Amino acid sequence: MEKNFIFKEINNLKGVGPQLTKYLKRKKIEKVKDIILNLPYSETDRSKISKLSQLEVGKIQSIKVLVKKLNFPRIRNLPNKIICEDETGKIDIVYFNSREGYLRKIFPINEWVIISGKINYFNKKYQITNPDYVTSIEKQDYVVKNIPKYNLTKGINEKKYRSISEQVIDEIPKVEDWLDNNFINTNNLNNWNDSIKKLHRSNEGKDTNSKSYRRLVFDELCANFLTLSENRKKIKRVKVPKIFSDKHSIHLIKKLRFELTKSQKSVIKEINQDLLSQNRMFRIIQGDVGSGKTIVSLLTILNVIKSGYQCALMCPTEILAKQHHELAIKIFKSHGLKIEFLTGKTEYKKRKGILKNLNNGDLDLLIGTHALFQKKINFNKLGLVIIDEQHKFGVKQRSELARKGGDNCDVLLMSATPIPRTMMMSLYGDMDVSKITEKPARRKKIITLSKPEEKINELWPFIKKQIDNSNQVFWVCPLIEESSFLDYSSAKKKFELIKKIFSKKVGLIHGGLNKEEKEKVLKQFLLQKISILVSTTVIEVGIDFPNANLIVIENANKFGLAQLHQLRGRVGRGQNQGTCILLFKDGLSKNAIKRIKILKNSDDGFHIAEEDLKLRGFGDLIGYQQSGLKNFRFADPIKHEDLFILAEKYVQNIKENINETKYSFLLKLFDRAEIMNIEEV
């Protein structure tokens with residue numbers, strides 16, 4: 001059997017017709033390999049043959065019985081019935097919509113048969129309706145055993161899927177392993193063929209630490225890291241080095257009203273080395289909330305523009321883009337740079353002028369939203385693209401982004417979401433990563449307090465004092481409207497309550513508003529026309545509100561630790577002391593108490609992200625899934641941390657001499673081959 005069998009469409013399998021193909025596709029099973037990777041989650045125990053006197057209603061059991069009578073009523077809609085017995089009692093086997101000829105064939109009169117199915121009790125008699133298995137005594141070994149249990153969809157029963165799965169597992173060709181035996185044994189793994197067979201034929205699929213399961217995890221990670229490695233080669237291709245002097249940024253640093261942190265200086269140095277190198281820059285700056293990523297990006301922009309190139313800075317929202325535009329004009333006031341602001345709302349006449357100047361090279365820096373990369377926008381000499389906040393792309397999207405501006409354009413991403421190391425490896429393995437780990441010395445640590453919700457009335461005098469001192473307040477709720485199912489606070493309900501206390505100084509923003517409505521409210525808050533902003537978590541995006549110095553988070557135990565930290569970072573961004581108050585209900589779980597304690601004791605976003613991962617588990621981190629994080633099929637950054645590190649080292653060792661023939665099978669198995677443009681095996 002050739003290796004290509006694994007990548008064939010499922011309709012090539014015996015017994016898989018158009019209807020079954022349709023059902024299987026609902027479960028994303030389209031090729032033979034999908035059946036191989038669809039592991040059983042449990043087993044159905046049919047291993048014991050029970051006497052009819054030992055039956056338990058509602059339980060799946062196997063029985064050995066003598067067929068005594070076949071009853072086929074001629075009245076429509078009545079079921080067919082087969083009466084069977086053993087030495088301890090009788091049972092009815094009931095069928096609806098079954099052909100008489102088929103039933104006569106599998107239930108020969110006065111012969112013993114093996115039946116397995118769910119036991120029911122009707123009219124003072126045991127019965128099995130539409131049993132899962134009926135077979136002869138000679139074939140009882142096929143039924144009387146522990147049978148793998150798969151997640152199935154409507155239209156496919158266990159028996160049918162089992163026949164397809166076993167057909168595949170039985171016919172899997174002997175694949176030459178890409179790992180040598182010494183590596184396999186040293187790292188407590190199994191070879192590939194043995195792993196697949198054991199995972200489908202034993203209970204190893206349930207044990208995420210079994211040798212066979214760990215082997216599949218390792219392969220999945222290798223496929224991911226190999227893809228990122230090859231993607232990195234494509235992105236970081238040869239370019240014309242941007243020969244420049246950093247004297248302009250050095251001069252600007254001296255004029256700043258604050259001192260850069262060691263982290264900021266270190267990251268600037270890494271970026272400058274990228275700009276000077278012959279390989280294209282594709283770097284992400286990871287910096288905690290308020291760590292000073294924006295000033296680093298502006299210093300980089302100045303260096304690139306003074307070297308004769310144009311720059312583009314893209315933001316997720318218009319209000320954040322506007323803030324960056326205003327800051328850039330202020331920072332670059334004495335440097336003679338030509339800066340413009342562009343969004344989808346820019347009026348036609350102004351837009352036309354901006355595009356003309358951009359194309360002619362009469363514009364140095366364009367700041368705006370995703371409108372910057374529409375097809376009609378042409379740069380004269382784009383040297384650097386910077387993407388700020390919440391723009392985390394998959395591998396394919398990153399490749400497309402890197403092509404913007406031609407082969408000589410460097411790309412810099414910025415993220416305020418601290419991500420644990422194992423997740424960083426699988427997210428940004430094709431990028432260089434810079435971390436800003438310090439906070440500016442001028443920024444005071446946010447005071448974090450917790451308070452039971454029944455004492456909420458104690459907050460009103462404190463909030464009034466904050467407003468009287470020209471401070472603004474965020475009030476965060478988990479839900480937009482009150483829910484009869486979930487005992488969370490409603491943003492709308494809270495807005496009405498606070499409005500009664502503080503009159504016209506209150507605004508409301510939530511995910512149900514459209515983009516324009518959100519930005520209108522945020523602008524009013526920024527201009528201090530609103531003192532208290534009641535909100536859902538939409539305020540996480542990194543807009544700077546320098547007068548917001550208090551945030552109250554209701555039902556704090558319902559938020560993830562990393563998300564609470566992100567929300568807390570919305571306040572204390574000016575000169576005044578920031579305060580975060582976590583409101584909670586009685587009866588907190590141990591994990592909820594632990595989360596609140598960690599947040600009160602630490603303001604290190606990277607430490608908090610690691611702790612959040614340990615407490616909540618991979619796939620349950622609010623924010624990461626929306627960020628485009630790869631959700632692995634088998635690998636888990638907590639349970640398999642050692643395999644993440646092992647796979648990273650393994651790929652590091654082989655990536656300079658990747659044998660495409662050797663690894664193409666592995667990459668195709670996990671749908672990574674198309675990115676590497678590897679030929680069909």
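Q: In this predicted model, why is Lys125 called partly exposed?
A: Lys125 has a relative accessibility of 26%.

Q: What makes the contact of Lys125 and Asp92 a salt bridge?
A: The N to O distance between their side chains is 3.1 Å, and the criterion is a side-chain nitrogen of Lys or Arg within 4 Å of a carboxyl oxygen of Asp or Glu. The pair links distant parts of the chain, with Lys125 in strand β7 and Asp92 in strand β5, 33 residues apart.

Q: Why is Asp92 called buried?
A: The relative accessible area of Asp92 is 7%, and buried means under 20%. Asp92 is therefore buried.

Q: How do you know that Lys124 is exposed?
A: Lys124 has 76% relative accessibility, and the cut-off for exposed is over 50%. Lys124 is found in the loop between β6 and β7, and its phi is positive, about 60 degrees, although it is not a glycine.

Q: Why are α12 and α18 called oblique to each other?
A: Helices α12 and α18 pack at an angle of about 40 degrees, with their axes 10 Å apart. Angles under 35 degrees count as roughly parallel, and 65 to 115 as roughly perpendicular; α12 and α18 are therefore oblique to each other.

Q: Which residues of α12 and α18 meet?
A: Glu318, Ile319 and Gln323 in α12 meet Glu519, Leu522, Lys523 and Leu526 in α18. These residues divide into three nonpolar, one polar and three charged.

Technical notes. Residues numbered from 1 in each chain as written. Predicted model: local features only at pLDDT ≥ 70, side-chain atom pairs only at ≥ 80, totals over all residues. Heavy atoms only, no water. Axes fitted to C-alpha atoms, helices over the stretch in contact; angles between N-to-C directions. Helix = DSSP H or I, 4+ residues; strand = E, 2+ residues; numbered from the N terminus. Parallel < 35°, antiparallel > 145°, perpendicular 65-115°, else oblique. Contact = heavy atoms within 4.5 Å. Nonpolar A, V, L, I, M, F, W, Y, C, P; charged D, E, K, R; others polar. Buried < 20%, exposed > 50% of the residue type's maximum accessible area, 1.4 Å probe, protein only.
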